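Good morning, and thank you for coming.

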Amino acid sequence: LTDILYYAIADAFQIGNLLAIIAGVVLGITVGAIPGLSGPMAIAVAVPLTFYMQPLTGLAFLVSVNKGGTFGGAISAILLNTPGSPEATATTLDGHPLAKKGQPVRALRTALFSSVSGDTFSDLVLFVTAAWLAALALKLGPVETGALVVVALAFVSELLSESPSKGLISVGFGVLIACIGTDPSMAAPRMTFGMVDLQGGIPLMAVGIGLLALSEVMVRFEAHLSDRRSKKSEESALSLSGQADDRFTWSDYRAILPTIARSAVIGSMIGALPGLGTSMAAFLGYSAARRASKEPESFGKGNIKGIAGAEAANSAVVGSNLIPLLALGIPGNIAAALLVGAFIAHGITPGPWLFAEQPRLIYGLFVSMVIANVANLLIGNSFLRLFAMVLRVPTHLIFPAILFLCLAGSYLNEQTWFSVGLTMVFGVVGYGMRKLGFPVVPFVIGLILGPMLERTLMQTFIFTNGSLLGLLDYPAALALYAVAAIVITRPLWRRTS
Amino acid sequence: VASERADFVSAIAIIAGSAILIFHVIPSQTIKGFPGEFPQTFMPILASAIMFIASTALAARSLIAWRLRRRNGQIGRDAEGSARDAWITAIGLSAAFVVVLAVLSRFGFLLGGAFAIMTFGLLFNHRRPVSIVLLAIALPPVAHFLAINGLGLSLP
């Protein structure tokens, strides 16, 4: 292991890797700062850029985009009162009031230091638990793995949507789309309607770019139409020229340290469970900070502990959400789901066997994550004013540029116009889903886990001779199926009781 | 009210769609395997059945919520402006996507990309054509150069 760690550290500190991490952090903060755009959306568009990179460099780049994006969301939350990404909504509660009091830099630096501290803690949780959990997961057979996938999908459908029925419809739709192409049991085309382009299946990144990025362009276009109709002008960002006391000091950091620690634990726990998401972590972190405070009435009026509670919790999800991905091969949220696409693009299937087959890559990624945290802190702290300027770029320039990058990214991904067309189709589908309140994240996770579910169910079918009674020989799998049934039917009994 | 009506209409559409999938599309787009083999139809039928059951629950729930509101006299007018904007966006941008795809595949990313940026930029704000044209002229060549020379990727 010492040799592997030595090589992993050497790989992570290679100049190309360091440059990719810096570029990823800069891209992440910039994209995250733009209202409506988030780290996962940047990952979706950036995946094709990593194709010709070394696997470690590509993955380090994408993880850095996510880390930067999580802090970037706080910039517009604080200066514009509009969260750059959904998880930054809780940051607006105290961030914007503090900025309005003439302390925008103090608010932003509180967010940055809390974000990086929470993220670093969560990375440590990942390093400590992932290998141990992966070793445990390797003891699971295909029957239990299939049941585990069903549990993950049940959690995702139940927790990532306001309406469990809509979550379940989204998951079902994702699994259905995953069925298109050559099926694994007979190696024959299925639901391809005679189209050769569909025989390889629906490309994940084309769908991801369409659903996450292109649909957001459409949502922004509609918001623009509504603003024009109501003659509402774009809100302007607060400037960073604050008062003389607009500084983040060591005593500030010492004061928020217990809040950061509490929120980091909350965020790491939430990140490790599939489906719970960063927004929930941010609000739980915020409310825990408020409950623990001696002056809860100051929350919502610019208390730095409110900013720290939200930011440390939402950033603590970033590292720990890789635990189910690396230990079980199951992505727990959208960022992890998109990283699956990047792993697959490099010919690597994420899962517990990675620790045995590619230890140098995994430990190199862990070291890169630590470097990315340092880069996030240094770059965010040094170029705060520059990132704040992103908020002044008008939407009529940002969104057409993003649309162009989406289309180019989709082409680069598959090198076909068919893929660009699919991105457009799924952009419209994603827009429709958002308008009707169907969550897109369970759809993407269903699309990713669909093939894994089919493979494991096929193996279950063989082991049990196609009989449900055969499942009685697998008590762990039965228990997991029972958990999935409880999760799915829980809203029904809640309503009747 | 608008949301419950939209939920009900979309649930009915999904019920109909999944029924068509189960009874027509999946049987005609899959092959029959040998007895005792894991059937090719299993996963698509499972996914469609999940959609069918969940959308039935959604339709029932939205109907109950609508009746409860009506009983409490909480029925108001739908947000017409918002629905109109959503339809304009969906239909207008879908049409623009079709045109942009045709232009991109015919002229490539340098000219087609400039066309796409101009089209969508002007749709966003037709009062600022100069900055949009400048972006349309500058971004595609830079992206093209970076993709081909910087990343070694191929972009037409």
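I begin with a contact between two helices. In helix H10 of chain A, the residues Asp252(A), Ala255(A), Ile256(A), Thr259(A), Ile260(A), Ser263(A), Ala264(A), Gly267(A), Ser268(A), Gly271(A) and Ala272(A) make contact with helix H12. Their partners in H12(A) are Ile304(A), Lys305(A), Ala308(A), Gly309(A), Ala312(A), Ala313(A), Ala316(A), Val317(A) and Ser320(A). Sorted by class, this contact of H10(A) with H12(A) holds 11 nonpolar, 7 polar and 2 charged residues. Please keep in mind that what we are viewing is a predicted model.

How do the axes of H10(A) and H12(A) run relative to each other? H10(A) covers residues 250-272 and H12(A) covers residues 304-320; their axes come within 7 Å and cross at roughly 35°. The crossing of H10(A) past H12(A) is right-handed.

H12 also takes part in the surroundings of helix H5 of chain A. The buried residues of H5(A) pack against H12, and also against helix H4 (55-80), helix H6 (104-137) and helix H11 (278-292) of chain A. H5(A) itself comprises residues 89-100, and its 12 residues reach 17 Å from the first C-alpha to the last, close to the expected 16 Å. Why may H5(A) be called largely enclosed by the rest of the structure? The reason is that 9 of its 12 residues are buried, where buried means under 20% relative accessible area. Among them are Thr91(A), Asp94(A), His96(A) and Leu98(A). Just after H5(A), Gly102(A) takes a positive phi of about 95°.

Met191(A) counts as buried because its relative accessibility is 4%. Phe193(A) is placed in the loop between E2 and H9 as well, with a positive phi near 55°.

My last topic is a second pair of helices. Helix H1 (residues 2-12) and helix H16 (residues 359-382) of chain A have axes that come within 8 Å and cross at roughly 50°. H1(A) is therefore oblique to H16(A), and the crossing is right-handed. By class, 10 nonpolar, 2 polar and 2 charged residues form the contact of H1(A) with H16(A). Ile4(A) and Tyr7(A) are among those on the H1(A) side, and Tyr363(A) and Val367(A) are among those on the H16(A) side.

Notes. Residues numbered from 1 in each chain as written. Chains lettered and ligands numbered in written order. Predicted model: local features only at pLDDT ≥ 70, side-chain atom pairs only at ≥ 80, totals over all residues. Heavy atoms only, no water. Axes fitted to C-alpha atoms, helices over the stretch in contact; angles between N-to-C directions. Helix = DSSP H or I, 4+ residues; strand = E, 2+ residues; numbered from the N terminus. Parallel < 35°, antiparallel > 145°, perpendicular 65-115°, else oblique. Left-handed = near helix turned anticlockwise from the far one by under 90°. Contact = heavy atoms within 4.5 Å. Nonpolar A, V, L, I, M, F, W, Y, C, P; charged D, E, K, R; others polar. Buried < 20%, exposed > 50% of the residue type's maximum accessible area, 1.4 Å probe, protein only. Expected span 1.5 Å × (residues − 1).
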